[in-house]
Amino acid sequence: MLIYVARRLLLLVIMLLGLATITFAITNIAPGDPARLIAGPNATESMVETVRQQNGLDRPLIEQYVVYMTGLVQGDLGRSIVSTRPVVDELLRYFPATLELVVVAMGLGILFGVGFGIMSAVVRDSWFDHVVRIGSISGVALPAFWFGILLQLLFAVQMGWLPISGRLNLVTLPPDPITHFLLIDSLLQGRFDVFTQALSYIIMPAVVLSFPCLASILRVNRAEMIEALQSDFVLAAKANGLSAWRIVTVYALKNAMLPTVSIVGLRFGWMLGSTILVETVFDWPGIGLYAVESALYSDFKPVIGATLLIGFIFMIINFMVDLAYIWLDPRLRESG
Amino acid sequence: MRKLILGAVAAAALSATALTDTAQAFERTDDGIVIVFGGRQQVPVLDPHVRYDWSTRMMQQSIYDALFKYVGDPPEIEPWLAESWDVNEDASVWTFNLVEDATFHNGDPVDAEAVRYSFVRGLELNQGVAWMLADFLEPDGIEVVDDYTIRFNLSRPYAPFLSFLPWWYIVNPAEVMENEVDGDYGTEWMTENAAGSGPFTMGRWQQNVLYELVANEDYWRGWPQGEENRPAGIIYRIIREPAAQRAALQRGEIDIAEGLSSDDYGQIEDEPGIVIQNHAGMTTFGIKFNTQQGPTADINLRKAIAHAMDYDALIDIYNGDAVLQTSPFPQAIQGHIDVEGIPRQDMDLAREYLAQSEYPDGGIELDYYHVAGLEEARRIGLVLLSNLAELNIDVNIVPEQWPNMVAAGSSPESAPDMTSVFVTPVSTDPDAVAYQYHQNSWGQYFAMHFYENQELWDTISEARSLSDWDEREPLYAEIQEMIVEGTPEIFGMLQNRRWAHRDWLEGFQFSPVRFTGEVDLYPLWVDVE
């Protein structure tokens, strides 16, 4: 088991270095002159050269790569050419907002995906099942930006129930950062008004982000539940007079969860990557938005930094999913 | 089990409705009213000597003062920190007397040394605004005459000098030097901190979210709307999507918005409570030809294309909120003339020019580049495609990211046949536009025509060195005619600048020399009645 974990961790480091190399190559091969762009439309050649020198862009690409990778292994991701600030500081500034959004969206995805999946399987081929299945197809098919704007029009403009965008009301001071999650920090500090406000701001982006994930979880969970409910051990449980609730939630669900855990893990990484559109529509100040704004300026280092961070988390989640597999399935544990 | 399902659905519905909360009125604080501006562009670097674009400059203008300020339409240069000035005959020595009651936010006086330090800093950093004066002003040429008198000894005569001074903001040397690290002129600190004397100080600065300006009660110049109407502050809130911006304005979450689409402006202009500011701007839209390489190096072909273009369609695309260019110079530029013979659609003339070109029967394909995502520019490409089809010329419309377009336009070898470009001059002096057609501008995005004309270049150089406007004026008339004759681009239109705001917002003052979305925040106030 320990050897397995060590091997996976080593592989993770190698993959990260590979990801850094590929991202560095792609961003630097792409056309565009960030120095000229940052120097401004009227900048003289000497001004452009100043920006190049300040950001090390005047050095050969291979030298830039060596400097970057040396910095990377020391935890230094360089500086943003646009904001002139260290990329690590900026990622730390933006990441909590993204993580909070993804965690809430994932929570919604699991809660409603698993919940509706179970219910749908139990009342298979009923009107409820049909509605849920149609909804799940929509969830996969709807473009996030379009769905987001629709929700804004309906719930913010027409009904006036929810705020359009942002994380908090403009004049509300955020709680002191402890976990950097507004929802948790506001609760920890007893600021319930801020908590409900933060909740009202996060609900629309979280729903939009969770929808495809919810749909995937639902479909997988429903299929697995149907299979489990038709199995012999469920028949035996019924014959032994166990309650329907117990059969569904204890016996069938545990057997149906293995593929669900797998899809949750994959979807978590996918969500981190797909926050870009949702964060743009809802002006959610996370790393997706940061990466997009940087890419528009050909500001490579933040793009590489954001990619590495998302990649790193994606790999860690996959690693944890593998461990969860072992925990859920004793056969895997025995085979080592 | 069915009861279980129904219960779960009901619980989910209840929890969803319980979270709903109506948007609160957010402009009222204990200190007074806070105006909210919704804009699409962030303010990554506040340092006035390092960066400027419209959103950045809007913040800089609010926090800092300059010797002069552009106001009004047509724009005029109003003395601000400078009280009076004097210039020698050949426009090489400029002396300014400063007001004596101006103070920085920390109470330090804004004196001649602060002005000298600020200009030296701007020149030494060699970023942002430096290009405006770098060719004419050396740090050694800035001289403190006395506490409130500063003199600029230019390395050569430069009449437009004054027209650039509104963009050179004065920083507090003491504060900057206090935060200097390794001789960086305090740039790291100045990225998100300020050392100014302007009407606002910095409040919350949440990058990519909101930037708060707090009104400086003791502003040395006072408040034009009166103390009783002065807002407590302004929040510049980032809203990137035009649809979300429009919705926020309709809902009253923001007081003023920039950057809505043409259709959005059209759809909300009759809504109660919404006011549209619609003003003739100074940003030109042109289609630059590559005059050095490819088919468009042929002047007759360029003229044929320029006469085939349906100019009325340009106005239609902007729902009538644009005016055609009648010269390479925008109308608000000093010395502008309506150039006789500037191309308008005339298919017979277009065919005549085509017949004189190397491509008398057409049969060629030309690339038209526009910024990806800029819908109006794409639609203009479609107009061009349709018009040139009549000359048997095919147009390949290529959307491209702005950085890539700038890179492609840096040399004649890589510049596309035709590129649609918006250009905003930074001053009302004609040199700001004329110099775009000088060889020294090659490599810049606005000069991706690479137009070669020695006579034109010499005239431009001569005109910028003269101090007497009476001598300069005829030269600029000549320059405008020479540029049109060479047809380095299709001179398109000037798109109107538009903002939408709630009807309670007062004090909006337009000046075309400001950048696209930029608003002077200083005179704004909210009429609570």
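Tutor: Let's begin with strand S18 (residues 364-371) of chain B, which pairs with S19(B) in the parallel sense over eight bridges. Keep in mind that this is a predicted model.

Student: Which residue is the bridge partner of Leu366(B) in S19(B)?
Tutor: Val395(B) is the partner of Leu366(B) there.

Student: What order do the strands of that open sheet in chain B come in?
Tutor: The order is S17-S21-S16-S20-S18-S19, six strands with mixed pairing.

Student: Which strands stand at the edges?
Tutor: Strand S17 (322-324) and strand S19 (393-400) of chain B. Each has a single partner strand, so one side of each is left without a neighbour in the sheet.

Student: And how many degrees are neighbouring strands turned against each other?
Tutor: On average 25 degrees, with direction ignored.

Student: Let's take S16(B). How many of its residues are buried?
Tutor: Six of the six in strand S16 (residues 284-289) of chain B, so the strand is largely enclosed by the rest of the structure.

Student: Which way do they point?
Tutor: Thr284(B), Gly286(B) and Lys288(B) point one way from S16(B). Phe285(B), Ile287(B) and Phe289(B) point the other way. All are buried, Lys288(B) included. In general, side chains in a regular strand alternate between the two faces of the sheet.

Student: What joins S16(B) to S20(B)?
Tutor: Six bridges, with S16(B) and strand S20 (residues 418-423) of chain B running antiparallel. Lys288(B) has Thr419(B) as its bridge partner in S20(B).

Student: And S21(B)?
Tutor: S16(B) and strand S21 (residues 489-495) of chain B also pair in the antiparallel sense, over five bridges. Thr284(B) stands opposite Leu494(B) in that pairing.

Student: New topic. Where is Ser92(B) found?
Tutor: In the loop between strand S6 (82-87) and strand S7 (93-98) of chain B.

Student: Is Ser92(B) buried or exposed?
Tutor: Buried. Its relative accessibility is 10%, and the cut-off for buried is under 20%.

Student: What does its side chain touch?
Tutor: The side chains of Ser92(B) and Asp90(B) are joined by a polar contact of 2.6 Å. Leaving aside neighbours within four places in sequence, Ser92(B) is in contact with Phe152(B), Asn153(B), Leu154(B), Arg156(B) and Pro157(B).

Student: How do S6(B) and S7(B) run?
Tutor: Antiparallel, joined by five bridges. Trp85(B) stands opposite Phe96(B) in S7(B). The hairpin has five residues between the strands.

Student: What about the phi of Ala91(B)?
Tutor: It is positive, about 60 degrees, although Ala91(B) is not a glycine. Most residues other than glycine have a negative phi. Ala91(B) is in the loop between S6 and S7 of chain B. It is buried too, with a relative accessible area of 3%.

Student: Which residue in chain A has a positive phi near 65 degrees?
Tutor: Thr84(A), which is not a glycine either. Thr84(A) lies in the loop between helix H4 (61-73) and helix H5 (87-122) of chain A. With 28% relative accessibility, Thr84(A) counts as partly exposed.

Student: Which residues does the cis peptide bond join?
Tutor: Asp73(B) and Pro74(B), with omega about 5 degrees. Pro74(B) is in the loop between strand S4 (68-71) and strand S5 (76-79) of chain B.

Student: Over to chain A. How many helices and strands?
Tutor: It has 14 helices and zero strands. Buried residues make up 50% of its 336 residues. The C-alpha atoms fill a box of roughly 85 × 55 × 40 Å along the principal axes.

Student: At what angle do H11(A) and H13(A) pack?
Tutor: About 170 degrees, with the axes 9 Å apart. That covers helix H11 (residues 244-281) and helix H13 (residues 300-328) of chain A. The two helices are therefore roughly antiparallel to each other.

Student: Which residues meet?
Tutor: From H11(A), they include Leu258(A), Val261(A), Phe268(A) and Trp270(A). From H13(A), they include Ile310(A), Phe314(A), Asn318(A) and Tyr325(A). By class, the contact has 14 nonpolar, five polar and no charged residues.

Methods
Residues are numbered from 1 along each chain as its sequence is written. Chains are lettered from A and ligands numbered from 1 in the order in which they are written. This is a predicted model: local features need pLDDT of at least 70, side-chain atom pairs count only at pLDDT 80 or more; totals for chains, interfaces and linings use all residues. Side-chain values use heavy atoms; hydrogens and water are left out. Axes are lines fitted to C-alpha atoms, for helices over the stretch in contact, and angles run from 0 to 180 degrees between N-to-C directions. Helices (H or I, at least four residues) and strands (E, at least two) are DSSP runs, numbered from the N terminus. Angles under 35 degrees count as roughly parallel, over 145 as roughly antiparallel, 65 to 115 as roughly perpendicular and the rest as oblique. Contact means heavy atoms within 4.5 Å. Ala, Val, Leu, Ile, Met, Phe, Trp, Tyr, Cys and Pro count as nonpolar, Asp, Glu, Lys and Arg as charged, and the others, Gly among them, as polar. Two strands pair if DSSP finds at least two bridges between them. Buried means under 20% relative accessible area, exposed over 50%, partly exposed in between (1.4 Å probe, protein chains only). A polar contact is a pair of N or O atoms within 3.5 Å; within protein, one must be able to donate a hydrogen and the other to accept it, and residues adjacent in sequence count only if both atoms are side-chain atoms.
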